[in-house]
Amino acid sequence: MYKNKKYTVIIPARAGSKGIKNKNIIKINKHPLISYSIVAAKKSKFVDDIYVSTDGKKISEIAKKYGAMVIKRPKNISDNITMPDSAVTFTVEYIINQLGQKVDNVIFLQPTSPLRCHEDIDKAIIKFHNDKCDSIFS
């Protein structure tokens, strides 16, 4: 929570990668790629909830192991032509309508960015709030 607003992280991670097979769970320095985004979000001072949206069983297991909640993504938004924003939108609607949770602000983290750290997330949240942004990208 930052300035009385809830910050919800959503990490979309499809199982069926075309370019690099199973890229979201490939180990880098002994940890699955997706774990770096989860850990950065967990270390943030302001992140309230972390969700991984996936169609993959192994991704679900890893996400839970590293402390994220998992929302199963339907097949119709899990193919290689669906843009990640469809998964984010589905997940936000699921959190609100199925889980009954409040979502003030969404932090969309790509699972393929292992160099992003919690300080980057915190600085972005502060800038988002202070500059009265409606969105912010890095």
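In what order do the elements of the protein chain run from the N terminus on? The order is β-β-β-α-β-α-β-α-β-α, which comes to four helices and six strands; helices (H or I, at least four residues) and strands (E, at least two) are DSSP runs, numbered from the N terminus.

Colleagues, this is a predicted model, in which local features need pLDDT of at least 70 and side-chain atom pairs count only at pLDDT 80 or more, while totals for chains, interfaces and linings use all residues. Residues are numbered from 1 along each chain as its sequence is written, and side-chain values use heavy atoms, with hydrogens and water left out.

I begin with the whole chain.

I turn now to helix H2, residues 57–65. Here Ile59, Ser60, Ile62 and Ala63 are buried. They lie on the same side of H2, because they cover an arc of only 170° around the axis, the arc being that of the directions from the helix axis to the C-beta atoms. On the other side, Lys57, Lys64 and Lys65 are exposed, that is, over 50%.

What covers the buried residues of H2? The cover includes strands S1, S3, S4 and S5 and helix H1, with contact meaning heavy atoms within 4.5 Å. Just after H2, Gly67 takes a positive phi of about 105°.

Note on methods. Buried < 20%, exposed > 50% of the residue type's maximum accessible area, 1.4 Å probe, protein only.
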